[in-house]
Amino acid sequence: MTGLQPLIIVIDSREQAAYSFPGYECVVKGLRAGDYSIEGMEDEIALERKTHIDAYGSIGHGRERFERELVRLSEMRYAAIIIETTLHDFLTPPPHSLLNPKSAIGSLLAWSVKFRLPVFFCGDRAHGQAVTLKLLEKFHKYKTSC
């Protein structure tokens with residue numbers, strides 16, 4: 001841990017399959033945006049986690065709600081979308097999805113530009129968790145060393 005205050009990870013109370021972060025204190029509470037943040041910095045950093053299926057659902061039938069979430073994320077000092085699949089695999093829609101993969105990736109890329117939100121295709125859950133932790137650590141380090 002770096003800085004004067006310890007890194008305490010906030011997990012949104014609505015997060016269904018929360019990551020675990022061994023060695024770090026975690027608290028569960030409602031976040032205004034995203035699934036993961038840092039205690040005391042909830043209005044500055046948020047990371048939104050999506051599985052392959054969840055991403056397609058959010059882009060398709062959950063689009064309006066997800067766009068409202070993206071607006072809230074864009075108001076943060078730093079926010080990102082973590083997707084637990086590869087870009088290659090993302091281009092194969094999940095079973096029962098009627099969403100065209102070109103439309104799905106097009107939406108993600110457009111939102112990335114419009115809302116200044118990086119999208120990380122992390123390959124799988126383990127790598128999504130590792131990227132989430134590293135982003136939280138880096139933000140905490142830069143924020144507390146200023």
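Predicted model: local features only at pLDDT ≥ 70, side-chain atom pairs only at ≥ 80, totals over all residues.
Which residues does Glu15 touch, not counting residues up to four places away in sequence? Asp35, Tyr36 and Arg49.

Is Glu15 buried or exposed? Its relative accessibility is 13%, and buried means under 20%, so Glu15 counts as buried.

Two of the residues that Glu15 touches also meet it through polar contacts between side chains. With Tyr36, the side-chain contact is 2.9 Å. With Arg49, the side chains are joined by a polar contact of 2.7 Å.

Now to the nonpolar cores. In soluble globular proteins, nonpolar side chains tend to be buried together. Here, the largest nonpolar core has 20 residues. Ile59, Leu70, Leu73, Phe90, Leu108 and Trp111 have the most contacts inside that core. Which elements give two or more residues to this core? They are α1 (52-59), α2 (63-74), β5 (78-83) and α4 (101-114). The largest share, four residues, comes from α4.

Take Trp111 as an example. Leaving aside neighbours within four places in sequence, Trp111 is in contact with Ile59, Phe66, Leu70 and Leu117, and also with Arg63, Glu67 and Arg116.

There is also a second, separate core, made of 17 residues. Among them are Ile11, Tyr36, Met41 and Leu136.

Conventions: Residues numbered from 1 in each chain as written. Heavy atoms only, no water. Buried < 20%, exposed > 50% of the residue type's maximum accessible area, 1.4 Å probe, protein only. Polar contact = N/O pair within 3.5 Å; in protein donor to acceptor, adjacent residues only side chain to side chain. Contact = heavy atoms within 4.5 Å. Core = buried A, V, L, I, M, F, W, Y, C linked by side-chain atoms within 4.5 Å.
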